[in-house]
Amino acid sequence: MVFSSVSFLFAFLPITILLYFVVPEKCKNIVLLICSLLFYAWGEPVYVFLMMLSIGFNYVIGLNIESDRKDAQRAKADIIFAVVVNLSLLAFFKYYGFLVSNLNAVLPFDIPYRELDLPIGISFYTFQAMSYVIDVYRNKVKVQHSLLKFGVYISMFPQLIAGPIVQYSDIEKQLEKRTVNMTKLGDGVLYFIRGLAKKVIIANSVGLVFSKISGMEFISMSVLTAWLGAISYAFQIYFDFSGYSDMAIGLGKMFGFEFMKNFDYPYTSRSVTEFWRRWHISLSRWFREYVYIPLGGNRKGKQRTIINLLIVWGLTGLWHGANWTFICWGLYYGVILILERFVFYKFVERLPNAVRHLYTMVLVLIGWVFFFSPDLGYAGSYIGVMFGIGAKGLVDRQFWFLLLTNWVLYILAGLGSTTVGFYWLDRIVYNYHNGQGRREVACVVYTAMFLITVAYLISETFNPFLYFRF
Amino acid sequence: MEETQKKNRKRKLKIQGCVAMCFWACIGILAIGNVLVPNKKASDSENRSLTQRPRLTVSALQTGTFMQQYESYLSDQFVARDVWVNLSVSLGKLAGNRENNGIFLGKKNQLIEDVVTPDKEALQANLDAINTFAQTNPDIPVSMALVPTTASIWKDKLPALATVADQKTYIRSVQKKVGDQVAWIDAAAALEAHRDEKIFYKTDHHWTSLGAYYVFQGCGDALGIQSSTSTSFTPYAVSTSFNGVLSSESGYARNEKEEIDIYVPIGDDIEVIVNFVEEQKKRTSIYDSSKLETKDQYGVFLGGNSPLIDIKTTANSTRRLLVFKDSYANCFLPFLTPYFREIVVVDPRYYGGTAEDLLTTYNITDTLFLYNANTFFRDNNISGVLTGE
């Protein structure tokens, strides 16, 4: 099930919240677990058993590591086994087809294979489970003896299918004890409405412009149309994904959880390094914690740092999908980050802010071309058109038409991806000068936002989450 | 200082509480409304049938089709669905949007369907089949009209800066490729000459009867009918409340009401018997006035699209015409009734038989291909009916 669906908003959510608030304290986790499994099963009626298997396996491994604690060898064997099994499951369901098709291209004979459907959210929950077993092994967290609580951690529906990737250590205490009250419920609602509006009103609408442009033939695409396409995609993926994270954070609050923020206005960054501190924070943090630092991070000299960065970024790319385009996308960032770090960081720092913004955005937009292209050939041609190679002139009527008929949308998206948008919204609702809150205004603004979202949702039959593929 | 901060925080919380109440109230009211309001079979304004509650079976659960259908059921049956759709369309319009589902909202609420670019292979197959048909039946004159659509004739009514493909070039290239064995009816020129009159509907993709009438006036040579008798026609309005398909599909101009005219020959009373062959139904009129009570008012012409219709007339003629057509022809055929003793109308999209059979069954003497450019360039059935493959 997705958050931006009629079945979620008007059936699942109200019923779940009602149940959760009615039952006594000690039953709340049970309600949350059952509802989460139903939520997942609604979208994945078969793969829900795979997730339950993963929960059971990692739970038992946790217990094993605890009992083998005295014997360092056996504990190590446990953790290696756990990591191998988790990664193999992920590899089998996500990368098997990709791997075999690449092997077939190289080998003289063909290995027959059947492309499997990707279980929704498997990349997210596998990473969460690994954060648990690894931290148990490192003695960073206590082992979880309750299967119920561990099940809640992995399957909790607000963050189950598209993050944020919550590390077990962040949430350990909240699983035992958390405050569930009307205030947090209210706070959560505001987050949720904003996230829903970001997804349904902005992401889906710019998504339409993007699919129109990406469906065009290259010979009929002008340079500016190509850039508009990349910009539309940049907005689409940001509002889609950060909207989803906002909804997740909001829903988490409703159930008494606090998740870390996943996005921090990435498009305001003034270097690519900064961009990655602000984009999908929970993923970068995971790779840092469980790959980069264990590899030695930057403590083993320059050469080793560069290799480590390339490994991390190649994996980050691969995590996003089983395709060479994603690997290139990851390595592309790896190279830029290495350059920024060792070669032109000092130089970039001295540039005026506007130039730094521009530099960052151009690189990020080119990055998105790799990300949205079905194959590297397409990406190459698209980037070519962006720089005038094979393009239909610099600008044409098609570009102006798209701009003219969507300019309000682009302004909204622009405001929404900088701090300005939220600042204004907040100032409309709260008057900080005289300490007065504008209660009626707040109710009207947020209710209108929600109702408009419902109207958009009803009017379109299709609204995929981009991050579902991962 | 700390006091006021604390106070502000409290107020902020209070505000959040209020917003949350509004939110849950909206959800509650709408959710209950959805349960209470009875389900509808079809939506008139969207011109389609609505999803009904899916049946719960183990296999539907397993494959997830139940969940998908349930979501579209909830969405289709959402309380006051039309109001929500209108709201989102109006907001889009306010924000400058002028295109929805491939339909442009042009000047003065004129809805314009985007031009279809030909599918090269299907087009070549269709043209080859038409040429072969003409060559293998040299005694049967073949004529053809490809009618340009609104986007081509009324380019100036497109929204500012909007571009569409050049349909007239596509049409000319078809004219060139069919060669001399096919008598070409220049519909584009006829319509272009009357471009300031209401030759297309505002909310529908069809031409009006007036548009059809002008093309009919120019087709005498090709069809060989002007010399025999020259009948004149008078228009009668049969509806003033037509809101067409483009409006349903885009959500634009839902309040626009249009007139539908029929043209009746003056003087000699032509009687007809219309036989819907596959439906095994007969009528005594080429108009179906019951369609005027439905959303699909253009269906008043011939009662909509049927695979095969046999129209027998009392016209003083011995000629029998075979027409391959799409829905554009429906309002054109009434003009031909005074000139042919029998008109056999085939819609290859729905018809399963072959042209060869029709020629012998009905003793055909003339053939006409009548399409609008968009359907013709999308169609891949013509060659099938002509070659029998």
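Reply: The dialogue below treats the domains, then an aromatic pair, then the chains. This is a predicted model, in which local features need pLDDT of at least 70 and side-chain atom pairs count only at pLDDT 80 or more, while totals for chains, interfaces and linings use all residues. Residues are numbered from 1 along each chain as its sequence is written, chains are lettered from A and ligands numbered from 1 in the order in which they are written, and side-chain values use heavy atoms, with hydrogens and water left out.

Me: Into which domains is chain A divided?

Reply: Domain bounds come from an automatic or database domain assignment. Here, chain A has domain 1 (6–178) and domain 2 (184–459), with centres 26 Å apart, taken over C-alpha atoms.

Me: What area is buried between domain 1 and domain 2 of chain A?

Reply: The size of an interface is often given as the accessible area lost when the parts come together. Buried area is that loss, found with a 1.4 Å probe and summed over both parts. Between the two domains of chain A the value is about 3300 Å², and carbon and sulfur atoms give 72% of this. On the side of domain 1, Phe98(A), Phe127(A) and Pro164(A) lose the most area, together 17% of what that side buries.

Me: Why is the pair of Phe12(A) and Phe39(A) tilted?

Reply: Rings of Phe, Tyr and Trp (its six-membered ring) pair if their centres lie within 6.5 Å; planes under 30 degrees apart are stacked, over 60 edge-to-face, and the rest tilted. The search finds 101 aromatic pairs over all chains. The rings of Phe12(A) and Phe39(A) have centres 5.5 Å apart and planes at 55 degrees, so this pair is tilted.

Me: How many residues of chain A are in contact with chain B?

Reply: Contact means heavy atoms within 4.5 Å. By that rule, 51 residues of chain A meet 45 residues of chain B. The two chains bury about 4200 Å² between them, 73% of it on carbon and sulfur atoms. In chain A, Trp42(A), Phe401(A) and Ile458(A) lose the most area to chain B. One salt bridge is found across this interface; Lys212(A) forms a salt bridge with Glu99(B), the closest N and O atoms being 2.9 Å apart.

Key
Salt bridge = Lys/Arg side-chain N within 4 Å of Asp/Glu carboxyl O.
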